[in-house]
2 protein chains.
Amino acid sequence: MEIIRTITEMQQKAEELRLSGIKIGLVPTMGYLHKGHLRLLDIAKKNCDVTVMSIFVNPTQFGPEEDLDKYPCDFERDERLAKDRGCDFIFYPDVKEIYPESYRTYVTVEEITKSLCGASRPIHFRGVTTVVAKLFNIVKPHVAVFGQKDAQQSIVIKQMVRDLNFDIKIIIGPIVREKDGLAMSSRNRYLSTEERKDALVLYNSLQTAKKMLESGVLDSREIKSTIEKIINSVSSSKIDYIEIVSIADLLPIKQLSGEILIALAVVVGKTRLIDNMMVRV
Amino acid sequence: MEIIRTITEMQQKAEELRLSGIKIGLVPTMGYLHKGHLRLLDIAKKNCDVTVMSIFVNPTQFGPEEDLDKYPCDFERDERLAKDRGCDFIFYPDVKEIYPESYRTYVTVEEITKSLCGASRPIHFRGVTTVVAKLFNIVKPHVAVFGQKDAQQSIVIKQMVRDLNFDIKIIIGPIVREKDGLAMSSRNRYLSTEERKDALVLYNSLQTAKKMLESGVLDSREIKSTIEKIINSVSSSKIDYIEIVSIADLLPIKQLSGEILIALAVVVGKTRLIDNMMVRV
């Protein structure tokens with residue numbers, strides 16, 4: 001496995017690979033890898049000849065009050081995990097390489113970035129789409145793999161790819177969970193033992209919602225109110241949002257039908273966690 | 001010469017060419033070609049193996065009060081001119097192909113799009129950078145050629161390319177002028193005989209500014225005031241702006257030094273014309 005730290009070198013390598021007819025798969029990450037990331041790597045490997053994992057904690061997607069400075073990182077561990085899983089290249093640039101002085105360009109997806117996480121994190125998706133557009137131009141992948149855990153992000157990126165005509169196939173990998181159901185996240189390490197137990201309410205409430213849907217409950221309010229009760233049953237939780245939206249436009253639906261997304265953001269202790277479920281009703 | 005009307009076909013052709021190691025040169029235009037455009041084609045041909053000219057009157061760069069609906073077009077003439085000049089492909093999509101329903105993504109370059117033309121045309125550059133980013137992803141060029149007549153546009157595009165890491169060489173082609181000095185523009189056809197004569201004040205005032213600089217005048221105000229007098233000497237002219245700015249950040253300079261841009265926008269009759277001069281002082 002090779003580690004590449006500059007844009008020029010990554011672009012040259014990518015161009016060289018493409019010219020030889022080799023298919024490149026990209027897995028963009030912010031590092032501190034867990035099994036969810038490694039699963040995305042597996043998917044990239046299955047769909048491509050060569051895999052590039054990018055590791056970059058992207059400052060433009062963090063608000064001023066958010067956890068950029070304490071975002072966990074351990075490059076040596078990431079390197080080992082990626083290598084053991086068969087990754088071919090890690091693209092690991094520093095911040096000045098990605099955002100040099102007099103940086104001025106942003107990619108914005110309108111409307112669908114205003115609800116859900118976009119409501120409480122107003123500049124978040126602008127940062128995500130900007131850095132992903134840059135990574136696409138740097139790594140030149142044929143395929144890029146994102147995780148469904150960031151459900152809104154995956155929908156926003158698909159919209160950007162369609163709108164800006166990136167000739168890249170986007171694959172969304174499934175949410176990987178701990179044995180008890182908690183969605184894997186680099187932020188889970190912030191949780192105390194007690195909070196770790198409480199954090200299960202996200203998964204549990206989604207499971208209950210699933211059962212309600214299966215039993216024919218189609219009233220969005222009824223399902224949201226049940227989720228709310230389950231989450232509020234533990235004292236360390238504070239709901240950011242519970243939303244049931246159409247996958248097409250991320251707008252709320254009252255009477256459920258078609259492809260829907262049930263998405264949660266809950267602060268447990270001081271840690272903001274997200275989880276979701278996509279279903280066809 | 002081949003005419004391509006869909007994104008899928010253009011991307012497939014571009015990928016095929018790139019895989020064969022063929023270098024692609026793109027000349028983006030809004031059609032109604034004049035000698036300025038054809039000169040850009042020459043430059044693309046000199047720097048690449050295959051040239052693609054795009055012809056697309058981009059609605060997102062026109063304000064609601066602007067001349068989108070009456071923008072001149074004559075595809076058969078354009079086709080003939082491009083073919084005679086040795087163009088290999090024309091990419092000629094319709095509006096729905098480029099902006100389908102539920103289109104939501106925009107590329108914005110901050111700061112340097114607020115002055116000069118950006119001041120009187122607030123959404124203009126957002127439209128330009130968005131469509132150019134799309135064209136880059138559709139045509140996949142190694143080189144793209146823009147005209148210096150749209151000086152601010154060329155600087156904004158270079159910034160976008162640098163910031164978003166498009167692996168594309170940008171070449172700026174010179175302003176091509178009529179025998180008497182008027183900069184070629186598709187909009188010149190709007191001018192009446194009288195206005196056509198009056199329109200010369202743009203070029204003439206830039207020539208005078210050049211002589212002043214050569215004779216050692218470095219006070220921006222003095223040069224601007226002379227330009228203003230020359231332009232106001234004809235009755236059909238109305239100044240939009242006269243600016244002398246640094247090429248690096250497009251901010252006004254008082255005492256001239258370094259790489260500077262003198263840029264004019266003048267409405268002659270009902271037609272808005274632009275012209276400029278880049279000099280190292």
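This is a predicted model: local features need pLDDT of at least 70, side-chain atom pairs count only at pLDDT 80 or more; totals for chains, interfaces and linings use all residues.
Visitor: Why is the pair formed by B:Phe62 and B:Tyr71 called edge-to-face?

Guide: The ring centres of B:Phe62 and B:Tyr71 are 5.8 Å apart, and rings pair if their centres lie within 6.5 Å. The planes of these two rings stand at 75 degrees, and because an angle over 60 degrees counts as edge-to-face, the pair takes that name. A search of the whole structure finds 14 aromatic pairs over all chains, and this pair in chain B is one of them.

Visitor: What makes B:Phe62 and B:Tyr71 count as buried?

Guide: The cut-off for buried is a relative accessible area under 20%. B:Phe62 has 6% and is therefore buried, and B:Tyr71, at 12%, counts as buried too.

Visitor: Why is the pair of B:Tyr99 and B:Tyr103 edge-to-face?

Guide: The centres of these rings lie 5.0 Å apart and their planes are at 90 degrees, so with an angle over 60 degrees the pair is edge-to-face. Both B:Tyr99 and B:Tyr103 are buried. In chain A, ring pairs link A:Phe56, A:Tyr99, A:Tyr103 and A:Tyr106 into a cluster.

Visitor: Which ring does the charged end of A:Lys70 sit over, and how far is it from the centre of that ring?

Guide: The charged end of A:Lys70 sits over the ring of A:Tyr190, at 4.4 Å from the centre, where the distance cut-off is 6 Å. A:Arg77 lies over the face of A:Tyr32, at 5.0 Å from the ring centre, a value that is also within 6 Å.

Visitor: How many cavities of 30 Å³ or more does a search of the whole structure find?

Guide: The search finds two.

Visitor: What lines the largest cavity?

Guide: Its lining has 20 residues, and those nearest the centre of the cavity are A:Arg18, A:Lys140, B:Arg18, B:Asn137 and B:Lys140. The elements that each give two or more residues to this lining are helix H1 (7-19) and helix H6 (124-139) of chain A, together with helix H1 (7-19) and helix H6 (124-139) of chain B.

Visitor: Which element gives the most to the lining of the second largest cavity?

Guide: Strand S10 (residues 271-280) of chain A gives the most, with three residues. Among the residues that line this second largest cavity are A:Lys149, A:Leu182, A:Leu273, A:Ile274 and A:Asp275, and its lining divides into five nonpolar, two polar and two charged residues.

Visitor: Why does B:Asp67 count as buried, and what does its side chain contact?

Guide: B:Asp67 has a relative accessibility of 14%, and because buried means under 20%, B:Asp67 counts as buried. B:Asp67 lies in the loop between strand S3 (50-55) and helix H3 (75-84) of chain B. The side chain of B:Asp67 makes a polar contact with the side chain of B:Arg187 at 2.8 Å, where the cut-off is 3.5 Å.

Visitor: How do you know that B:Ala209 is buried?

Guide: B:Ala209 has 1% relative accessibility, which is under 20%, and therefore counts as buried. B:Ala209 lies in helix H9 (residues 200-214) of chain B, and its C-alpha atom is separated by 9.9 Å from that of B:Ser220, 11 residues apart along the chain.

Conventions:
Residues are numbered from 1 along each chain as its sequence is written. Chains are lettered from A and ligands numbered from 1 in the order in which they are written. Side-chain values use heavy atoms; hydrogens and water are left out. Rings of Phe, Tyr and Trp (its six-membered ring) pair if their centres lie within 6.5 Å; planes under 30 degrees apart count as stacked, over 60 as edge-to-face and the rest as tilted. Buried means under 20% relative accessible area, exposed over 50%, partly exposed in between (1.4 Å probe, protein chains only). A charge sits over a ring if NZ of Lys or CZ of Arg is within 6 Å of the ring centre and within 35 degrees of the ring normal. On a 1 Å grid over the protein atoms alone, a cavity is a set of points where a 1.4 Å probe fits but cannot get out, and a pocket is an open set with protein on both sides within 12 Å along at least five of seven lines; lining residues have an atom within 4 Å of a point. Grid points are joined across faces, edges and corners, and a volume is the space filled by probe spheres set on the points. Helices (H or I, at least four residues) and strands (E, at least two) are DSSP runs, numbered from the N terminus. Ala, Val, Leu, Ile, Met, Phe, Trp, Tyr, Cys and Pro count as nonpolar, Asp, Glu, Lys and Arg as charged, and the others, Gly among them, as polar. A polar contact is a pair of N or O atoms within 3.5 Å; within protein, one must be able to donate a hydrogen and the other to accept it, and residues adjacent in sequence count only if both atoms are side-chain atoms.
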